[in-house]
Protein chains: 2
Amino acid sequence: MSKEAKSNRLKARLPRGFSDRGPAEIAATRRMIETIRAVYERYGFEPVETPAIEYTDALGKFLPDQDRPNEGVFSFKDDDEQWLSLRYDLTAPLARYVAENFDQLPKPYRSYRFGWVFRNEKPGPGRFRQFMQFDADTVGSSSPAADAEICMMAADTMEALGIKRGDYVVKVNNRKVLDGVMEATGLRGEGNAGKRLIVLRAIDKLDRLGLDGVRALLGAGRKDESGDFTKGAELSDSDIQKVELFLSARRTVQKRIYALAGDISERLETPDSELSTALKIAGWLAASFKGSTLVSEGTNELVQIAEYAAAAGYGGDRIQIDPSVVRGLEYYTGPVFEVELTFETKDEQGRAVRFGSVGGGGRYDGLVGRFRNDQVPATGFSMGVSRLTSALIHLGKIDTKPEAGPVVVTVFEKNRLADYQHMTQKLREAGIRAELYLGSGKMGPQLKYADKRGAPCVVIQGGDEKAKGEVQIKDLIEGAKAAAAIASNQEWRETRPAQFAVKEENLVEAVKEVLARHKVTWGH
Amino acid sequence: MSKEAKSNRLKARLPRGFSDRGPAEIAATRRMIETIRAVYERYGFEPVETPAIEYTDALGKFLPDQDRPNEGVFSFKDDDEQWLSLRYDLTAPLARYVAENFDQLPKPYRSYRFGWVFRNEKPGPGRFRQFMQFDADTVGSSSPAADAEICMMAADTMEALGIKRGDYVVKVNNRKVLDGVMEATGLRGEGNAGKRLIVLRAIDKLDRLGLDGVRALLGAGRKDESGDFTKGAELSDSDIQKVELFLSARRTVQKRIYALAGDISERLETPDSELSTALKIAGWLAASFKGSTLVSEGTNELVQIAEYAAAAGYGGDRIQIDPSVVRGLEYYTGPVFEVELTFETKDEQGRAVRFGSVGGGGRYDGLVGRFRNDQVPATGFSMGVSRLTSALIHLGKIDTKPEAGPVVVTVFEKNRLADYQHMTQKLREAGIRAELYLGSGKMGPQLKYADKRGAPCVVIQGGDEKAKGEVQIKDLIEGAKAAAAIASNQEWRETRPAQFAVKEENLVEAVKEVLARHKVTWGH
């Protein structure tokens, strides 16, 4: 190996779209996961885990990019020539799991899981090819109460993570409404499936491109800043207006321009403002797309979700009906959800940005049924753990200050390593994080090392101390303070010494005192 | 989708060698990981994580099966035609990480990490293609004290997990000694690399095949029970005897047949029995393979490790020198370690079996250097979390009794779902795990569902109760006891009723009383 390596040295680098994680991010993620887990378990969800690899056909092709069949998913052939894939989400594997274990599971089956998922996509800023999701799903219930509960749980999760009410919103839409609008534009039947996909994707980009961008994508097409041209859906002007009408539903209703339609308006007596908005949107959509069964089914489900949310006390601005929500995955069949962080923050260039979506989900009544002779209704939600961690770290909602390092036992005399090892072990046995210096440096580099590790103190024993049965303890935190103050104040040594000697048998006790003085605790 | 799916239904199944995990196993693994983490952090190791995917060349080919170049690792081409692989262990990615971040890291760099690794191997009983490892490594120290510390930490981990002293052993050997013995058999030079590999693998199978099996693999070859023939190393009879002599070192010394050689014997005054055994083995090996620089270097390192272990109080039977340890991975350059569970248990057929290896590691001084112009010494240890979990569950050292399920709020009147949702939310707000029944069944199926979920109690509110402002609570644990006793004892209803009514505003309090009565707590 060595000869070849020397002449043609390997470059140490990660593939694009992947990243390493250090102590602060790992600790932040662990705390987040524990918090989310506690919320999900309070809702009666139980854990289940599936592996990272599945048969490609079992996962299906439901990613937004399914028209490019070899992209989106990392796939490879098994030795029996069957195709395997890395999971691209946690929902498709759950559908396989439920179908495989159907008879043993309680129905409805509430479960949660978290883990890494993989997307074979073009990486970009904040866009990774491996990221962590935390999902919860209810399989076996067709009730909108199940959808409402998932939304309530998403809201509770945000607040448990320290995101204030008003700083997030759970937006709810319904694929049936989207499909109904599409029908109204004449995009019916198998032949128009491709066009419908283009329209859905255009709507999905409303936040990023604004209404003008979406309008271009619904029509002839759009050229982006890099000059790349994306072909549009080529809808007629009147059809484009219908889609715009639909997209503006929430804003329109909030401006209270339009009169309300149908019997839904009778329920407007409720004092809850968001429920009343939801009912108005539903009434307005029903009136605007009169005669569409899909729109009326979809809006009825939205109203039920809004009512359940209101009854459970979530009707404020926590859960909102918003017809512009699409969600990219193609297995959704009914209500779809999206959790957005609504506050603004600054990017590196100092521009105001919204964090936007940190999770989403929806109802996927067809996914388990792919494996069975009957349909199995299901609804679920997926939290983007990696995105949410970045957002919370960026906002200072997660403490990223590194923990105190271990106590470092230095090596003054190399031939007495076994003695120093013994001292280190004594400290560890007392529950103190401690390490023996294992490098080859002299005392200077050893103290620098201890500093770099964030050690609260170091232990030193030279020949003189050994002869007296003593050890020296150097308090690095005090020492750093003293070093900062030393220009104006030289008497610190007398009042609180940064280095002192103790009897060897009192080492553990003395180190504990230093740790207590500086309130050093190692978290869990 | 649905038409195609109906005519050609997908089979829900996992690829061979992969498995799903349920609540008990997930909880057991979580507790294990927390325990291991606490030990590693007490030793001053800090967390770092790398992704599951790396460039294939960065991982290198160090698996035991490297002579079959397309096997062992799951690989696929990126869109820029570069090969990517799923990591097959956590050591090769760490080497890449250290090389990539060399200047920022403290040296020596102590770190730990856990995660899934993937092997594209033939699956078998207890042999998975995805399994979890928990690693700790010290990079930048060439001192045997670093190796000794890793072994001590492995021993501490076993005891922290509840495995009694004497029920495990950390075995230590040295690749240099193995290489020296190989030289003594005349297997020198590049031309004999293939044969040396066959010999190493033969030695590695000692536990499984016994001395006769190893002897066959060192000679002409061996036919297994299925009739498959494995070609041997074709050593001469006298060379086979040399390898056997070496393998029997520990047993031989323990029988105290051989005289001790050289100055090592002078150190035998120590009272510690394992250190004395280690010294005797080293002396005996040095005498048996006189003139081999590799054997003498290797045995000296082994003696130092034994001395450090003894000085730190690990010299009993926790850390043992054992020349039969090999470890399959090919990047090891010095000391190698293996943790074995030594107690016996019964398999499904009632036969006595030893659990054997649950982890291992060693020194890999060349791995980081592949990316650099200098060598970087490193040593580490990998715990097989999946294997260890199975072992501990099998032994009853891990509680696999499922936790109590959530309180189930039943749906008596379907049009009052919002009311029931509200009650459920009240319970959750009080920190009680609770769920609303979301299926379509009547009361019978709802109670069966609650039973299947392990619910401690259910909440029922029909029209009568509603009119009185009351709810019924049915205590399922009490009910089950009563049902068991009811044949002989009919008066249970009077003394402690399994179903009772409370005012709606007292629901939370009443449920808490039921939970307290049965000591229901939901763990973390």
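Colleague: In what order do the 8 strands of the open sheet in chain A run?

Modeller: In this predicted model, the order in chain A is β1-β5-β6-β13-β12-β11-β7-β10, with mixed pairing.

Colleague: Which strands stand at the edges?

Modeller: Those are β1 (46-47) and β10 (319-321) of chain A. Each has a single partner strand, so one side of each lacks a neighbour in the sheet.

Colleague: Turning to β6(A), how many of its residues are buried?

Modeller: In β6(A), 10 of the 10 residues are buried, so this strand is largely enclosed by the rest of the structure.

Colleague: Which residues cover each face of β6(A)?

Modeller: One side carries A:Q130, A:M132, A:F134, A:A136 and A:T138, and the other carries A:F131, A:Q133, A:D135, A:D137 and A:V139; all are buried.

Colleague: How many bridges join β6(A) to β5(A), and how many to β13(A)?

Modeller: β5(A) and β6(A) are antiparallel, with 10 bridges, and A:G115 has A:Q133 in β6(A) as its bridge partner. Between β6(A) and β13(A) there are 7 bridges, also in the antiparallel sense; there, A:A136 is partnered by A:F381 of β13(A).

Colleague: And on to β12 and β13 of chain A: parallel or antiparallel?

Modeller: Strands β12 (residues 352-363) and β13 (residues 378-384) of chain A are antiparallel, paired over 5 bridges. A:G359 is found opposite A:M383 in β13(A).

Colleague: Which strands does helix α6 of chain A lie across?

Modeller: Helix α6 (residues 175-184) of chain A lies across β7 (168-174) and β11 (335-346) of that chain, at about 50 degrees to β7(A).

Colleague: What lines the largest cavity?

Modeller: Its lining has 44 residues, with A:F114, A:M132, B:I33, B:F114 and B:M132 nearest the centre. The elements giving two or more residues are α2 (23-42), β5 (109-118) and β6 (130-139) of chain A, along with α2 (23-42), β5 (109-118) and β6 (130-139) of chain B. By class, the lining of the largest cavity comprises 22 nonpolar, 8 polar and 14 charged residues.

Colleague: What about the second largest cavity; which helix gives the most to its lining?

Modeller: Helix α7 (residues 193-204) of chain B does, with 4 residues. The second largest cavity holds about 80 Å³ of space and is lined by 10 residues, of which B:L197, B:L200, B:R201, B:R327 and B:G328 lie nearest its centre. The lining of this second largest cavity divides into 4 nonpolar, 1 polar and 5 charged residues.

Definitions and conventions
Residues numbered from 1 in each chain as written. Chains lettered and ligands numbered in written order. Predicted model: local features only at pLDDT ≥ 70, side-chain atom pairs only at ≥ 80, totals over all residues. Heavy atoms only, no water. Pairing = 2+ DSSP bridges. Contact = heavy atoms within 4.5 Å. Axes fitted to C-alpha atoms, helices over the stretch in contact; angles between N-to-C directions. 1 Å grid on protein atoms, 1.4 Å probe; cavity = no way out; pocket = protein on both sides within 12 Å on 5 of 7 lines; lining within 4 Å. Nonpolar A, V, L, I, M, F, W, Y, C, P; charged D, E, K, R; others polar. Points joined across faces, edges and corners; volume = space filled by probe spheres on them. Buried < 20%, exposed > 50% of the residue type's maximum accessible area, 1.4 Å probe, protein only.
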